[in-house]
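Visitor: Please take one kind of feature in this structure and go through it closely, namely the links between side chains. Tell me where the partners sit, and then what is packed around or apart from them.

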Amino acid sequence: MKFYTLCGVAALAAAFAGCQNTMTIKTKPYPVARMDTTVQDDYHGTIVKDPYRWLEDDNSAETAAWVKAENEVTQDYLSQIPYRDRIKERLTQLYDYLKEGTPFRVGEYYFFYKNDGLQNQSVLYYQKGLDGTPEVFLDPNTLSENGTVALNTVTFSKDDRYAAYSVSKSGSDWVEIFVMEVATRKQLADKIEWVKFSGASWGKDGFYYSRYDAPAPGASAYSAKNEYQKVYFHKLGTSQAEDQLVYEDKEHPLRYFSGQVSDDFKWLFIVASEGTSGTEILYKDLTAPGAGFKTLFPGFANDYAIVDCRDDRALVLTNDEAPNFRLVSVDLRAAVPAVEDVIPQSENLLQWVTTAGGSLMAGYLKDASSRVCQYDRSGKLVREITLPGIGTVSGFDGEQDDTEVFYGFSSFNVPPTSYRYSLADGTSTLYRQTKVNFDVSAFEVEQVFYTSKDGTRVPMFLVYKKGLKRDGNNPVYLYAYGGFNISRTPGFSPSNILLLEQGGIYALANIRGGGEYGEAWHRAGMLEKKQNVFDDFIAAAEYLIAEKYTSPKKLAIAGGSNGGLLVGACLTQRPDLYCATFPMVGVLDMLRYHRFTIGWGWVVEYGSADNAADFPYLYKYSPLHNIKPGTCYPPTLIMTADHDDRVVPAHSFKFGATLQAAQGCDQPILLRVESDAGHGAGKPISKTIQEQADIWSFFLWNAGVREF
């Protein structure tokens, strides 16, 4: 470990205090953001001004000039942090180790992802049999010079002959689908464009996919509203212009649709949703000429997902009458299909179900940690699988003729490790263990439970170096998400090791709005109950301070996307609690979020300001609209990217301009806009390392750390 000191090597102990007091970083003047006081909206009798609405135009020269100037201010500030380069150097070392994903079988081949260490994108390899020689199947690093083209999804035809793969550019949600012959790696001429939130579901001689119409001339592909998603069938060897329209809904432009085919090609399912939760499933008999779609499960009060379909019976994972989810079976030939329980609801969340070798593999969450059980096809419990510890598992899927499956396990202090699992006797055998160039045994994981404002018991993971002293002087990086039924579980991050090495603590709070305790936990943090999410996060900060893990002068909060909303709301509600805040790609304007790209899909989670019943609570917590001029806000690094077409960067632009104008003290409010990047998926390692170096530098400096 290298150390960098500001005062030189002589008399360090005596000089450090003086160093801490005299070394300062000056923030350059923020660029002037034009205020248009004439722009306002009438929300059900409440007039709301929007002086920075011009920043919503991502095509304007004025917006581009302002963003460029903001980035210059930010980079000037960060460049003054004397150990920023040291941190980047250490992060580069931490990321530089061989990373291999869990293998999966496709016919006679085994596929897995591998990264030699610092490759911008992981490479997909394949080998014939478990003892075969690995060869490159797809290398996305060859598709761009700077690593900004990423492999998105790969799906294989039922006969294992073809692979349909999608790629995204610069982090955008737009993807293009291509086709390759597996055995020869021959690239076919097929190319599908304007696809978003869809992969390929293979039929007999082609695949189903979902797409939007190409943006209208002059419209921004990265901010224009996406409407009327349609399902098409693409026949191999033909052009996209010849693709068959399979399903559309002209009466409901704001719905998602995806196609799914049974393995025997008898049944086509259309999964519809009006947002991020709640689905409807339609089905059609492909063997009956002229048959139309019928409704299997009406929407949109519950969630339904097809797990498997054979012998005219579908296995469906649902929370209908089961907040913790259950697996049901339904006879598709019945005049009125009725459900039968296969795996009933239990006290733990049933998170996923896969099939392999005639077995059902069921993944549960218990206090935000994975549990896995094996059942037979009738739902009889075979065994609970012994896992290596508290952590997160993935995999366990396979083919009907498999006798074993693979799974991956990781935790905060356990790098991803792959195991072979015998379906016959339940034994797990180590297959690949990640070897890192640092000592993970030096760190430990603690799970604590704290009480939120309304008395709710909330779990939180804490990761730190062994021998930690609870004296209130530890830098703590508190992270959470809290929305969309998404569960945050233990996972390995080489970036977090840097913080732990410096005596810091990584804290992950499993707050309401997520899915850690099922649909009830989710619903307790959505719509008019969203304030519970912020209360849970604030309570986590207060707990860490009260228990002397840290203090307000050394506590940072961070979150991305919906987590960026979380940080923005907690920043405006309790600015006194933190030494640094990181709202990343955040939803920060709760009155207009639904007007861009696919923001309308979040109305089921948040509500809409267009509705008189929803507007009051949205306006009450919307981060942009609750900034109070003259308040001393903590040091804040607002982070977004120029190709983010999920949460458009206008959220961060308007929030940054407003916060800078309102700041009542000299604490920095900075805007960092990444180029050739999107919402986060597919970001090359080179950009990830630089971004993390900026985060840790900004945090540690504002936590009073003056050496590294």
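Guide: A residue is called buried when its relative accessible area is under 20% and exposed when that area is over 50%; partly exposed covers what lies in between. The model is predicted. With those cut-offs, Glu340, at 47% relative accessibility, counts as partly exposed, and so does Arg313, at 28%. These two side chains meet in a salt bridge, with 3.8 Å from N to O. Arg313 belongs to strand β21 (residues 313-318) and Glu340 to strand β23 (residues 339-343), so this pair links distant parts of the chain, 27 residues apart.

The structure holds 40 salt bridges. Another one joins Glu62 and Arg34, at 2.8 Å from N to O. Glu62 is in helix α2 (residues 61-79), whereas Arg34 is in the loop between α1 (12-22) and β1 (40-43), so the bridge ties together parts 28 residues apart in sequence. Both ends are partly exposed: Glu62 has 35% relative accessibility, and Arg34 has 36%.

Asp213 and Lys230 make a further salt bridge, their closest N and O atoms being 3.2 Å apart. Asp213 sits in the loop between β13 (206-211) and β14 (230-235), and Lys230 sits in strand β14 itself, so parts 17 residues apart in sequence are tied together. Here the two ends fall into separate classes. Lys230 is buried, because its 10% relative accessibility is under 20%; Asp213, with a relative accessible area of 45%, is partly exposed.

Salt bridges also link up into a network, whose members are Asp41, Asp50, Arg53, Glu56, Asp589, Arg592 and Lys654.

Next come the covalent links. The structure holds one disulfide. Its partners are Cys632 and Cys665, with sulfur atoms 2.1 Å apart. The link between Cys632 and Cys665 is right-handed, with 80 degrees about the S-S bond. Cys632 is partly exposed at 42% relative accessibility, and Cys665 is partly exposed at 26%. Cys579, by contrast, is in no disulfide, and the nearest cysteine sulfur, that of Cys632, is 13 Å away. Cys579 is buried, at 6% relative accessibility. Cys309 is likewise buried, at 5%.

Last, the nonpolar packing. The largest nonpolar core has 55 residues, of which Tyr450, Met460, Leu462, Leu478, Ile511, Leu544 and Tyr606 touch the most other members. Among the elements that each supply at least two residues of this core are β32 (443-451), β33 (457-465), α6 (531-546), α7 (562-573) and α9 (615-621). The most comes from α6, which gives nine residues. Leaving aside residues up to four places away in sequence, the contacts of Tyr606 include Phe484, Leu527, Leu565, Val587, Met590, Tyr593, Tyr617, Leu618 and Tyr621, as well as Lys530 and Asn562. Another core lies apart from the largest one; it has 48 residues, including Phe438, Trp696, Phe698 and Val705.

Notes
Residues are numbered from 1 along each chain as its sequence is written. This is a predicted model: local features need pLDDT of at least 70, side-chain atom pairs count only at pLDDT 80 or more; totals for chains, interfaces and linings use all residues. Side-chain values use heavy atoms; hydrogens and water are left out. A salt bridge is a side-chain nitrogen of Lys or Arg within 4 Å of a carboxyl oxygen of Asp or Glu. Helices (H or I, at least four residues) and strands (E, at least two) are DSSP runs, numbered from the N terminus. Buried means under 20% relative accessible area, exposed over 50%, partly exposed in between (1.4 Å probe, protein chains only). A nonpolar core is a set of buried Ala, Val, Leu, Ile, Met, Phe, Trp, Tyr and Cys residues joined through side-chain atoms within 4.5 Å. Contact means heavy atoms within 4.5 Å. A disulfide is a pair of cysteine sulfur atoms within 2.5 Å.
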